[in-house]
Amino acid sequence: MIYDTRYIYIQDVMIGMKVRSLLSGHIRSHLSFYLIAVFFIASANVIHSFYPSLLGQFTDELEQHGLTKEGVIHYSSWLMAIGVGYGVLFGLGQYTNHRLGRRFEFNTRQKLFSQFTKLSEHYFARNGTGKMLSTFMNDVTSVRETIANGVNQMTNATILLLSVMVMMLSHIPLHLVWACALPLLSIPLFVIYFGPRIRLRSRAVQDSLAAMTESAEEQFGGIKVTKTFAVEDVVEARFGRTVDQIRDNQLRLVRMTSLFQALIPFAGALSLVIAITYGGMMSIRGELSLGNFVTLTLYLRMLMTPLQQIGNVINTLLRSRASLDRLHRVLSEEPDIQELEGAIELNKHEGSIEIRNLTYSYPNAARPALSQINITVEEGTTLGIVGKTGSGKTTLMKLLLRVYDPPEHAIYIGGVDIRALTLDSLRSQIAYVPQDGFLFSTTIRDNIAFSNRAVGDDRVEDAAKLAELYDHVAGFSHGFQTKLGERGLTLSGGQRQRTSLARGLIKDAPIMVMDDSVSAVDVVTETNILRNVREVRQGKTTICIAHRISAVRHADEIVVLDEGQIIERGTHDELLRKKGYYASLYAIQEEGIFE
Ligand SMILES: Nc1ncnc2c1ncn2[C@@H]1O[C@H](COP(=O)(O)OP(=O)(O)OP(=O)(O)O)[C@@H](O)[C@H]1O
């Protein structure tokens, strides 16, 4: 991806405020703890800054009175006290900061997860799972580390710098302090020059990391296909290219940050040279005591650490800014599907559906996926939908569920436009059973009782019986407690479909949609399932989408879709009499006649 500084600048302006709000929101809500952490670290550094001055005094005393037992005990006790005080206070401050960083990580991941659940299918279609995982893992961790280390090191550095300056000025002539500090003033110039460049390179690294996560996720997901087609080398080479990209980008970043980090200690070293030359001469001339000369060099040495830390902090801040931008971009994404203000709750027992002149196109699609659809489903009846692949059957159901938003005044449930309903009440009214329902890595019981884990085992078993799954599950050694997923049992395609169907049936919703949901079972099992469904769904609305006529023939009305339009409609017998597409499908499937 190519970035230029203008692009970065415009983006910064647009999102800078909200980025700050993510961080400042966190800091504000934990302000007292941050102040405590800063207090501990600051106190630790103030104590630490006494150490060179103590050694300076010790040098002067040595020079004047020689080594005495009392002097040794006195100074070593003070040095010990400084060491212990610094260690305890700094440790406490560091611990508090890291705890706060973890809290940020925890809260931000929760916010992200909740945001992901609100975003629509369009968003997930645009952004791969790998990219989202990378934001969820890498970006949050990167910002957390910056906050924790940033506060630690920044407080450390600032307080140490200030106290060292104050201590220096109380012992050493002002002009000498100025001369020594002069090279350090170049540091802000380095920051201004290197800052934007490091950010550009860091962004490229983060993007290539996201691309690698995405690629790895896809390769792991498709590993079975890769193996059956024996194309491991092709996949390896493809993955290798994403890793090479990361290496190149990381090397470019490392070159820039190394140069930046090397220049800061260089400025520090230069100031030490001035101290030794200029301060040394003053000491020889007797204008500076030996003790103060030692104090000056020790203080300048001490300054190197905070200066380096400032460089590090600025570096990590610049790097994690790219992650913060990305986090913010996800968190500020507006969900496509929004509830209207004052959206109403759907009455729990509304099963009638009316679709009026519905036309729908996917974004950037050349032609509408559905055109001029008019369907009325009376409460308690069954609608069958058949049609070639890609004719718009699933799209119609996704619009009914508002997975994608239909136009206004196009779909009504119980006489109310679904655009005016709360999403929760609409979706809890409908049990949607897709062709390939996702099963979670948990027990079969919890997969079936997905919409309400509190239901009793008898209801789970009843749903499994209706879906013709019970006998299979009873045969597993742990029955309904059998775990599925990566570390559990793998169900066959047909068993998976029936588990998903049982999940839909247990919901006992006023409307149930079976979207090709018995396509992977044998004909005898299909017949049994459809009979069970007909019995249990009596008086409730059911929509059955299928490629097989056997799945829809009992419906009260069947519509035939082709290229997004209804080309035929009627009961099974009426459609057979029309001798159109449906009749020819029937002839092929039931009688094996190809015309
Ligand atoms: N998310 C999407 N973005 C863009 N186009 C889509 C999207 N989903 C489906 N389509 C297109 O919309 C049309 C209808 O697709 P849909 O999935 O509704 O067909 P279908 O009748 O359910 O097919 P099948 O029987 O194979 O499941 C197809 O041309 C498809 O390519």
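**Close-up views of a predicted model**

**View 1. Helix α4, end to end.** With 50 residues (69-118) at 1.5 Å each, helix α4 should span 74 Å, and its end C-alpha atoms sit 73 Å apart, so the two values agree. The expected span is 1.5 Å times one less than the number of residues. Helices here are DSSP runs of H or I with at least four residues, strands are E runs of at least two, and both are numbered from the N terminus. This is a predicted model: local features need pLDDT of at least 70, side-chain atom pairs count only at pLDDT 80 or more, and totals for chains, interfaces and linings use all residues. Residue numbers start from 1 along each chain as its sequence is written.

**View 2. The buried residues of α4.** Look for L89, F90, G93, Q94, T96, N97, L100, G101, F104 and T108, the buried residues of this helix (buried: 20 or more other C-beta atoms within 10 Å of the residue's own, with C-beta atoms placed from the backbone).

**View 3. The open sheet.** Here 6 strands line up as β6-β7-β8-β3-β9-β10, with mixed pairing (a pair needs at least two DSSP bridges). At the edges, β6 (430-433) and β10 (565-570) each pair on one side only. From one strand to the next, the twist averages 15°.

**View 4. β9 meets β10.** Strand β9 (residues 557-562) runs antiparallel to β10, joined to it by 5 bridges. Spot I558, which stands opposite G570 in β10.

**View 5. Two domains.** The domain assignment, automatic or from a database, gives domain 1 (5-331) and domain 2 (343-429 + 545-595). Their centres, taken over C-alpha atoms, are 59 Å apart.

Technical notes: A residue is buried if 20 or more other C-beta atoms lie within 10 Å of its own, exposed if 12 or fewer, and partly exposed in between; C-beta atoms are placed from the backbone. Axes are lines fitted to C-alpha atoms, for helices over the stretch in contact, and angles run from 0 to 180 degrees between N-to-C directions.
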